[in-house]
Amino acid sequence: MNDLIIIGGGVCGCSLLYELSRYKISALLLEKENDVACGTSKANSGIVHAGYDPEPGTVMARLNVEGNILIEKLCTDLDITYKKTGSLVVGFDETDRKTIEKLYEKGVKNGVPDQKIISGEELFRLEPNLSREVVCALYAPSAGVIAPWELALAQAECAVQGGGKSRT
Ligand SMILES: Cc1cc2nc3c(=O)[nH]c(=O)nc-3n(C[C@H](O)[C@H](O)[C@H](O)COP(=O)(O)OP(=O)(O)OC[C@H]3O[C@@H](n4cnc5c(N)ncnc54)[C@H](O)[C@@H]3O)c2cc1C
């Protein structure tokens with residue numbers, strides 16, 4: 001008998017099992033494939049987004065920025081790789097610059113820390129391999145990269161060690 005059943009062992013289901021394993025709840029994760037993280041979570045781009053993209057005022061915008069802050073400690077706790085690389089959205093002309101300015105404004109509304117629009121020497125010092133046709137970029141230092149399947153697997157493993165159950 002289980003208090004709670006989670007259907008699907010992608011990164012969301014595994015995160016839920018991990019969080020619930022801290023409580024006195026009997027939780028069971030059911031995954032239709034032969035391991036967790038066999039769906040979208042095994043092969044996405046692995047970007048820990050800074051949060052300038054979601055529409056301001058939405059739950060996604062709030063959770064993106066909050067999650068970006070929480071991921072660092074989570075990865076340390078799970079002993080998995082996380083690189084806070086920062087990200088650049090680059091523009092090649094005035095139309096791109098306007099798009100980048102809109103992204104920046106959304107980032108301000110969403111509370112993205114330390115983002116700025118950069119160009120010239122500052123930009124090429126940060127990424128020397130950029131095309132010299134790039135005229136500006138939105139730089140968000142809080143963005144990072146992660147292996148999404150590793151995140152899902154590590155959470156599922158820790159959850160099971162802590163009493164959570166998983167059936168594939
Ligand atoms: C090309 C691409 C690039 C992306 N890049 C990024 C990125 O850089 N950064 C980012 O944050 N997000 C990115 N995303 C989004 C991210 O991958 C998803 O939001 C995330 O993986 C969703 O996780 P999930 O657990 O909800 O779903 P999934 O990973 O799809 O997991 C669902 C699981 O449920 C299982 N399942 C389905 N039906 C049943 C059933 N009836 N019974 C049991 N199990 C079932 C499936 O087998 C699967 O394992 C990207 C997505 C795509 C497609």
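Author: Start with residue classes: Ala, Val, Leu, Ile, Met, Phe, Trp, Tyr, Cys and Pro count as nonpolar, Asp, Glu, Lys and Arg as charged, and the others, Gly among them, as polar. The model is predicted, so local features need pLDDT of at least 70 and side-chain atom pairs pLDDT 80 or more, while totals for chains, interfaces and linings use all residues. Residues are numbered from 1 along each chain as its sequence is written, and side-chain values use heavy atoms, without hydrogens and water.

Reader: Which elements make up the secondary structure of the protein chain?

Author: Helices (H or I, at least four residues) and strands (E, at least two) are DSSP runs, numbered from the N terminus. This protein chain has five helices and nine strands. Their order from the N terminus is β-α-β-β-α-β-β-α-β-α-β-β-α-β. The C-alpha trace spans about 60 × 35 × 25 Å along its principal axes.

Reader: How is the protein chain divided into domains?

Author: Bounds come from an automatic or database domain assignment. Domain 1 covers 1-44 + 147-168, and domain 2 covers 47-146. Their C-alpha centres lie 29 Å apart. In their contact (heavy atoms within 4.5 Å), domain 1 takes part with eight residues and domain 2 with seven residues.

Reader: What is the volume of the largest pocket?

Author: Rolling a probe the size of a water molecule over the atoms shows where empty space is left. On a 1 Å grid over the protein atoms alone, a pocket is an open set of points where a 1.4 Å probe fits, with protein on both sides within 12 Å along at least five of seven lines; lining residues have an atom within 4 Å of a point. Points join across faces, edges and corners, and the volume is the space filled by probe spheres set on them. Here the largest pocket has about 1,100 Å³. Its lining has 32 residues, and Val-11, Val-48, Gly-67, Ile-71 and Leu-151 are the closest to its centre.

Reader: Which element gives the most to the lining of the largest pocket?

Author: Helix 2 does, with 11 residues. Elements giving two or more are helix 1 (11-20), strand 3 (47-48), helix 2 (59-78) and helix 5 (148-161). By class, the lining holds 15 nonpolar, 11 polar and six charged residues.

Reader: Why does the largest pocket lie between the domains?

Author: Because domain 1 and domain 2 both give residues to its lining.

Reader: What is the order of the open sheet of three strands?

Author: Strands pair if DSSP finds at least two bridges between them. The order is 1-2-9, with parallel pairing. Strand 1 (4-7) and strand 9 (165-167) are the edges, each pairing on one side only. Four bridges join strand 1 to strand 2 (residues 27-30). Ile-6 stands opposite Leu-29 in strand 2.
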